[in-house]
Amino acid sequence: MNSAKFCRGVFREAAHSPGRIDDDAAILKTVGEALAERGFGVELVAADKLVETPFANLFVMCERGPILDRLAAMEKAGSIVVNSPAAIRNSYRHRMIELLARRRVPTPRSWIVASDANTPRPADCAWVKRYDFHATQRDDVMYAASETGWREALRRFAGRGIPFVVAQEHVAGDLIKFYGVRRGAAPVDANWFQWFYHRDKGMLGHAFDPARLRRAAFEAAATLELEVFGGDAIIQANGAPIIIDLNAWPSYALYRDHAAHAIADWLLDRFQRRPRLVVSARN
């Protein structure tokens, strides 16, 4: 197939979808179907099967460094990649907390600590998280309510060969999950956004302004340069939202169909913002 209206989707690595392999694959497939409805030829590939092609249209869920390096080279050669490799790297936790703090996005106090460090717990109650990727297994996020728990969390990360952790202060309140699609410089209210209370978590029912949550989420996404994103926030007793996590291209599980069309509309706009070019589906 030789056409300017051809694109490839790249699946997330299976190791980065603990318990969510089917959901992560489903959103990519649904976006692909929505793009096909809009006249695009679509090919979906595993990250390790991606063929480097100049001037390609790519929508990607992969996260590991080597494939991001390849995507960055393709982007430099004229390809459009959503989310960009730089934005995906920005969502690595150690980069994320630095960038969000620099922009004064409301987030919990966080510290980067060596997993072999002999240091006391930085907060009375702290979440101990892998410093780079968001989750590859259940133990990538642990709660340390005591000094003993803190030491055990560090020991377990060190035993897995993970050199650093992010220690994040616990923030009391209602846990909310959100999804968004950021359409460049479009006004925040013009972007697709959904939020919901996290299942199986206690809810206190703190009153809050959803528009304030939306603004905080999109400010965080813009800071990381993410276009397709999701995350978690805590609504405090005073109604103020605190962004506790932001990640590139979530599964959108509860809103998959609506999200897929919003993402496809944005990709259509992104992919068509270039002169006519020729991209081959086969190498």
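Tutor: Contact here means heavy atoms within 4.5 Å. Keep in mind that this is a predicted model.

Student: What covers the buried residues of α6?
Tutor: The cover includes the helices α3 (85-90) and α4 (93-102), together with β10, β11, β12 and β13.

Student: Which residues of α6 are buried?
Tutor: Leu213, Arg214, Ala216, Ala217, Phe218, Ala220, Ala221, Thr223 and Leu224 are buried. Buried means under 20% relative accessible area.

Student: How do you know that the span of α6 is close to the one expected?
Tutor: Helix α6 covers residues 210-224, which is 15 residues. The expected span is 1.5 Å times one less than the number of residues. For α6 that gives 21 Å, and its first and last C-alpha are 21 Å apart.

Student: Which residues touch the most other members of the largest nonpolar core?
Tutor: Leu71, Phe178 and Leu246 do, in a core of 54 residues. Helix α6 gives the most to this core, with 7 residues. A second, separate core has 27 residues, among them Leu28, Ile80, Trp249 and Phe271.

Student: How many aromatic pairs are there?
Tutor: The count is 15, taking rings whose centres lie within 6.5 Å.

Student: What makes Phe178 and Phe229 an edge-to-face pair?
Tutor: Their ring centres are 6.4 Å apart, within the 6.5 Å limit, and their planes are at 65 degrees; over 60 counts as edge-to-face, so the label holds. Phe178 lies in strand β10 (residues 174-181) and Phe229 in strand β12 (residues 228-235), 51 residues apart in the chain. Both Phe178 and Phe229 are buried.

Student: Why is the pair of Trp192 and Tyr252 called tilted?
Tutor: The centres are 5.9 Å apart and the planes are at 55 degrees.

Student: Why do Trp192 and Tyr252 count as buried?
Tutor: The cut-off is under 20%. Trp192 has 18% relative accessibility, so Trp192 counts as buried. Tyr252 has 0%, so Tyr252 counts as buried too.

Note on methods:
Residues numbered from 1 in each chain as written. Predicted model: local features only at pLDDT ≥ 70, side-chain atom pairs only at ≥ 80, totals over all residues. Heavy atoms only, no water. Phe/Tyr/Trp six-rings, centres within 6.5 Å; stacked < 30°, edge-to-face > 60°. Helix = DSSP H or I, 4+ residues; strand = E, 2+ residues; numbered from the N terminus. Buried < 20%, exposed > 50% of the residue type's maximum accessible area, 1.4 Å probe, protein only. Core = buried A, V, L, I, M, F, W, Y, C linked by side-chain atoms within 4.5 Å.
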